[in-house]
Amino acid sequence: MRPITWTTIAAALAVICLSSPVVGEMPKNQQKKYPPKDEIPNLKSPQMKKWMAEIDWSKVPKIPMSKANRPECPECPEDKKKIPKDSCWWTCGGCVAKDDVEKCPKAKSWGLTYDDGPSEDTPRLLKKLKASNATATFFIVGSRVLEYPELLKQQVREGHHLAIHTWSHQGMTSLSNEEVVAELKWAEQIIFDVTGLKTKYWRPPYGDVDNRVREIARQFGYKTVIWTKEWDSNDWQLPEKTITTKQVYRNFKWALSTLPKLKYGPITLEHDLFESDVNVAHALLDMGIAKGLDPMDIARCLSDDRPYQNSPVKKVDPPKKPALPQLPQSPPPQVAAKPVAAVEEEEAKAPPAAAPPKKVEDEVKPAADNGEIDAQGTKKLGAGIRVQWGASAVAVVVATAAFLL
Ligand SMILES: [Zn+2]
């Protein structure tokens, strides 16, 4: 047998390290179940057939696809006549649909959102959010979960809210109906497989959405989230060096200066894909909090207690029965008849026991408002008084008889 040398140990460690997946990466055999990273998924998969059948296509407007140099944002035609009528195309005219989310209803609420992750810089942001006691919505690019599934689990554990930002980050108005379906559903699928959560909110990459894309998302149960005008941090320009960090801070300071006039809370646009984004995210969070903003995820900013499509329906607590009044310890037998009679009178007034079933909304009313419960309580009270006071009367009669004898 050969002696174990340091060389042997080093060689063995090298083999182990090289064959191990990157920490947190999805095992290769599982990755094969999904489309490749940053690519529009294959449209011929069995899943696609099923997802396409879930949509009522007669309700999806027939708006022509926009032109784009994929995956870049489609360009808005200079000739406005070329914009399809009734398209409500956000990136081309800023049209907002009634159910688009672009602000928080309450002033000072801060809809904190980070797009395009997960990435190797996401953990630094999570640390900062934890230290600031803030939760955020992460608009996840589905195909990037292949590398960082563990980060998603950490985000959920730490109270953050997950939403989708499509599979491969394309301008959605430039995609065919099938491609829109694939981009939404594959992102939803991988998040569900990793966390068990079926997402309910989505943000179109570049905010590129029109009524065709909206309707497909809507039928899959999604709410479309854009961001508040003037509250785009423009941090996405940092890696391209088309903006400086100082300019990002200056823009954000200006937005913060408008806060006293705002009757709603802003939803900001930030990213967690690059180191530079995450660096400014730290400073912006401090700046916003210092100005009195309350950072929170989108579900909380909308007071949505079901942040996912498969969130459990909140149980309605059964109405509390009114507490029974304190009964006298040893009521004199001569007054026993009076309360029983009074109670019986109340019984006569009470509605019949077989009252029609209550509606759910009635059940959430405070117990004091619930006539049926009052009546039931009264009945129980009547029976209790009869038993207790009846027993006391017998005891007094027996005691008197014993004394006389
Ligand atoms: Zn994006």
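Reader: What do β3, α4 and β4 make?
Author: β3, α4 and β4 make a right-handed β-α-β unit, where right-handed means that, with the strands pointing away from the viewer, the path from the first strand over the helix to the second runs clockwise. Helices (H or I, at least four residues) and strands (E, at least two) are DSSP runs, numbered from the N terminus. This is a predicted model, in which local features need pLDDT of at least 70, side-chain atom pairs count only at pLDDT 80 or more, and totals for chains, interfaces and linings use all residues. Residues are numbered from 1 along each chain as its sequence is written.
Reader: And how many bridges join β3 to β4?
Author: Three bridges join strand β3 (residues 113-115) to β4, and the two run parallel; strands pair if DSSP finds at least two bridges between them. The bridge partner of Y114 in β4 is F138, and F138 also stands opposite L162 in β5.
Reader: Which way do the residues of β4 point, and are they buried or exposed?
Author: In strand β4 (residues 137-140), T137 and F139 point one way while F138 and I140 point the other way, and all are buried, with 20 or more other C-beta atoms, placed from the backbone, within 10 Å of their own.
Reader: Switching to helices, at what angle do α4 and α9 cross?
Author: The axes of helix α4 (residues 122-131) and helix α9 (residues 275-290), which are lines fitted to C-alpha atoms over the stretch in contact, come within 9 Å and cross at roughly 10°. That makes α4 roughly parallel to α9, a term for angles under 35 degrees.

Terms used
Axes fitted to C-alpha atoms, helices over the stretch in contact; angles between N-to-C directions. Parallel < 35°, antiparallel > 145°, perpendicular 65-115°, else oblique. Buried ≥ 20, exposed ≤ 12 C-beta atoms within 10 Å, placed from the backbone.
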